[in-house]
Amino acid sequence: MTGLPPGVVPLQLAQGLPVLHPEELVWVEMLNGWCNQQLGRNLSFTTIDQRIANIERFRRFTEKYPWHWEVTDMDDFSLELRGVRGVSHSTMLNYQGSVRLFMEYLTDSSYGWAEECLKRFGTHPAQIAFEWN
């Protein structure tokens, strides 16, 4: 037992090792860390799997990694869901909620992802999901 909460950077990334595709590695480990954090909160596998799928869908939509996501990405995604795909209001809220929760995890200093991204990529994730979008 390390005494660190599930999903913290040192538990997810081998520090100091060179990697071929650091962006993809960090992305995958962010998802793994968030999964662990949710398991540590005793959430169901179904809930976690659905949230991860929502985040992966958002990532495919933006074609960017979370440390480059912007509020306009959330707006565009919401417009796509509602205006083009015609999803229900509750489905859209489900997607938006997943993004909000994932970004809360990434921006929580307890987990260290913002610092890790700043060190590796010169930028960091910021919350993009708010009440007004």
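Helices here are DSSP runs of H or I with at least four residues, and strands are runs of E with at least two, both numbered from the N terminus.

View 1. The protein has six helices and zero strands. This is a predicted model, in which local features need pLDDT of at least 70, side-chain atom pairs count only at pLDDT 80 or more, and totals for chains, interfaces and linings use all residues. Residues are numbered from 1 along each chain as its sequence is written, and side-chain values use heavy atoms, with hydrogens and water left out. Of the 133 residues in the protein, 40% are buried, where buried means under 20% relative accessible area, exposed over 50% and partly exposed in between (1.4 Å probe, protein chains only). A contact means heavy atoms within 4.5 Å; among the contacts in the protein with a separation of 6 or more, 62% join residues 24 or more positions apart. The accessible surface is about 7,500 Å², and carbon and sulfur atoms hold 53% of that, by the Shrake-Rupley method with a 1.4 Å probe.

**View 2. Here is the ring pair of Trp27 and Phe102.** Rings of Phe, Tyr and Trp (its six-membered ring) pair if their centres lie within 6.5 Å; planes under 30 degrees apart count as stacked, over 60 as edge-to-face and the rest as tilted. By this rule there are 11 aromatic pairs. The centres of Trp27 and Phe102 are 6.2 Å apart with planes at 85°, so this pair is edge-to-face. Trp27 belongs to helix H2 (residues 22–40) and Phe102 to helix H5 (residues 89–107), so the pair ties together parts that are 75 residues apart in sequence. Trp27 is buried at 6% relative accessibility, and Phe102 is buried at 0%.

**View 3. Next comes the ring pair of Phe58 and Phe77.** With centres 4.9 Å apart and planes at 85°, the two rings are edge-to-face. Phe58 sits in helix H3 (residues 45–62) and Phe77 in helix H4 (residues 71–84), 19 residues apart, and the pair links these distant parts of the chain. Both residues, Phe58 and Phe77, are buried.

**View 4. Stepping back, ring pairs link several aromatic residues into a cluster.** Its members are Trp27, Trp34, Phe58, Phe61, Trp69, Phe77, Tyr95 and Phe102.

**View 5. Finally, look at Arg59 over the ring of Trp27 and over the face of Tyr65.** A charge sits over a ring if NZ of Lys or CZ of Arg is within 6 Å of the ring centre and within 35 degrees of the ring normal. The charged end of Arg59 is 5.7 Å from the ring centre of Trp27, and Arg59 lies 4.0 Å from the ring centre of Tyr65.
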